[in-house]
Amino acid sequence: MSDTTASRPRRAAPANGRAAKPQPKGQQTKAAIVDAALGLATQIGLEGLSIGALAEVMQMSKSGVFAHFGSREELQISVVREYHTRFEDEVFYPAMSAPRGLPRLRAMFDNWMKRTSVEIDSGCIYISGAVEFDDRPGPVRDALASSVSTWQEALRRAIEIAAEEGHLSADTDASQVAFEIHGLILALHYEARFLRSPGCLDRAWRGFGAILERNGAHQPVGRKA
């Protein structure tokens with residue numbers, strides 16, 4: 001993700017009402033397995049995934065599931081990649097239609113909050129995965145860290161552009177602002193999902209506004225109606 005990745009190919013509805021070219025059956029089956037695995041992972045974590053459990057959900061043989069991935073680790077990485085693709089499609093790419101600067105940054109946060117509101121109930125792979133793999137080197141951790149870092153870099157770049165456009169102070173520390181915004185999302189998950197504290201969404205929006213106002217925001221940044 002970056003200011004220039006808006007043109008990056010991604011899954012989209014077919015134009016002119018035409019049906020998309022169907023995928024080969026093997027790819028369709030693999031996509032269905034990954035979709036089911038992602039659903040399981042949001043409930044039981046990436047570590048809870050197993051070829052056997054997924055075979056039962058899919059009503060397939062273990063060998064049938066294994067043939068598409070080769071290992072449990074490859075299955076976990078596929079789930080991380082699918083989660084990241086969906087995150088981009090829901091949070092990042094829609095925000096690219098907003099004007100550069102603060103409107104785009106606000107759209108990114110607004111989309112992120114919408115997704116977070118759903119994940120308070122369903123779970124977030126980035127957050128649960130960080131807990132599971134924070135001190136466990138390997139390909140799964142690398143895939144998780146790469147995905148999160150990609151999003152954080154896109155957020156940081158959006159903050160830099162807001163400063164370049166004059167919507168934030170010229171001396172805004174984009175890395176610090178991105179850190180604080182990310183902290184709001186982590187706090188929201190903890191307060192809402194674990195502590196069940198009321199009013200968390202409004203507090204997160206107020207926190208977002210306060211962060212930007214401290215950095216010279218010249219447009220209203222409160223919660224959208």
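Me: Where does glutamine 59 lie?
Reply: Glutamine 59 lies in the loop between α2 (51-58) and α3 (62-69). Helices here are DSSP runs of H or I with at least four residues, strands are runs of E with at least two, and both are numbered from the N terminus. This is a predicted model, where local features need pLDDT of at least 70, side-chain atom pairs count only at pLDDT 80 or more, and totals for chains, interfaces and linings use all residues. Residues are numbered from 1 along each chain as its sequence is written, and side-chain values use heavy atoms, with hydrogens and water left out.

Me: Why is glutamine 59 called exposed?
Reply: Buried means under 20% relative accessible area, exposed means over 50%, and partly exposed is in between, with a 1.4 Å probe and protein chains only. Glutamine 59 has 75% relative accessibility, so it counts as exposed. Glutamine 59 also has a positive phi of about 55°, although it is not a glycine.

Me: What makes arginine 196 exposed?
Reply: Its relative accessible area is 59%, and therefore arginine 196 is exposed. Arginine 196 sits in the loop between α8 and α9. Its phi is positive, about 55°, although arginine 196 is not a glycine.

Me: Why is cysteine 200 called buried?
Reply: Cysteine 200 has 8% relative accessibility, so it counts as buried. Cysteine 124 is buried too, because its relative accessible area is 10%.

Me: How many disulfides are there?
Reply: A disulfide is a pair of cysteine sulfur atoms within 2.5 Å. By this rule the count is 0 disulfides.

Me: Why is α5 called roughly antiparallel to α7?
Reply: Axes are lines fitted to C-alpha atoms, for helices over the stretch in contact, and angles run from 0 to 180 degrees between N-to-C directions. Angles under 35 degrees count as roughly parallel, over 145 as roughly antiparallel, 65 to 115 as roughly perpendicular and the rest as oblique. Helix α5 (residues 102-122) and helix α7 (residues 139-164) pack at about 150°, with axes 8 Å apart. So α5 is roughly antiparallel to α7. Contact means heavy atoms within 4.5 Å; this one includes Leu102 and Trp112 of α5 and Trp151 and Ala162 of α7.

Me: What makes the residues of the contact of α5 with α7 nonpolar?
Reply: Ala, Val, Leu, Ile, Met, Phe, Trp, Tyr, Cys and Pro count as nonpolar, Asp, Glu, Lys and Arg as charged, and the others, Gly among them, as polar. The contact of α5 with α7 divides into 10 nonpolar, no polar and no charged residues.

Me: Why is α4 called roughly parallel to α7?
Reply: Helix α4 (residues 72-95) and α7 pack at about 10°, with their axes 9 Å apart. Therefore α4 is roughly parallel to α7. The residues of this contact divide into 11 nonpolar, 4 polar and 1 charged.
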